[in-house]
Amino acid sequence: MILASAILIIYFYNQLPEKLPIYFNWPSKDIDGYGAKNLLWASPIICGIIGIGIYILNQYPWIFNYPTDLKPENAEKNYKIATRMLRIINLVIGFTCLILTYFSILAGLNKLNGLDRFLFPTLPILLFLPIIYYLVKSYRMNKKLKK
């Protein structure tokens with residue numbers, strides 16, 4: 001999805017005005033919420049770095065903090081839950097990058113249809129839902145193993 005964001009920027013770059021709405025808080029954004037079209041590259045670069053970091057971190061599940069004491073009988077299951085959660089979070093980050101880029105491009109081309117008012121408030125919810133879901137799942141699984 002991050003690569004798709006970069007491809008969208010490449011495809012529409014010459015059609016965009018020099019200033020367009022920026023949906024993330026960036027220091028060079030002016031008072032009206034506009035920034036140079038070069039700022040579109042910030043989203044795929046930052047999300048790409050975060051995605052690569054999460055991918056690398058996901059290779060070492062034994063260094064994570066877990067809500068329970070790990071023992072040999074529950075370690076593998078906790079590792080699976082934690083790595084799956086990080087993969088879902090990485091997917092949500094890629095989706096967020098794509099949405100931010102897509103809506104910035106649509107706004108720059110004056111083709112925004114109001115869907116951004118609905119979608120942007122749901123992005124933080126999408127980020128925290130997997131965390132809450134997997135914490136509850138981990139808690140229940142560890143509670144079963146204790147019995």
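## Aromatic pairs

There are 4 aromatic pairs, counting rings of Phe, Tyr and Trp (its six-membered ring) whose centres lie within 6.5 Å; planes under 30 degrees apart are stacked, over 60 edge-to-face and the rest tilted. One of them joins tyrosine 11 and phenylalanine 12, edge-to-face at 4.8 Å centre to centre with 85° between the planes. Another brings together tyrosine 60 and tryptophan 62: the ring centres are 5.6 Å apart and the planes stand at 90°, so this pair is edge-to-face.

Tyrosine 11 is exposed at 58% relative accessible area, and tryptophan 62 is exposed at 52%. Tyrosine 60 is partly exposed at 40%. Here buried means under 20% relative accessible area, exposed over 50% and partly exposed in between, with a 1.4 Å probe and protein chains only.

## About the model

This is a predicted model, in which local features need pLDDT of at least 70 and side-chain atom pairs pLDDT 80 or more, while totals for chains, interfaces and linings use all residues. Numbering runs from 1 along each chain as its sequence is written, and side-chain values use heavy atoms, leaving out hydrogens and water.

## The whole chain

The protein chain has 4 helices and 2 strands, in the order α-β-β-α-α-α. These are DSSP runs, with helices being H or I of at least four residues and strands E of at least two, numbered from the N terminus.

The C-alpha trace spans about 60 × 30 × 25 Å along its principal axes. Of the 147 residues, 40% are buried.
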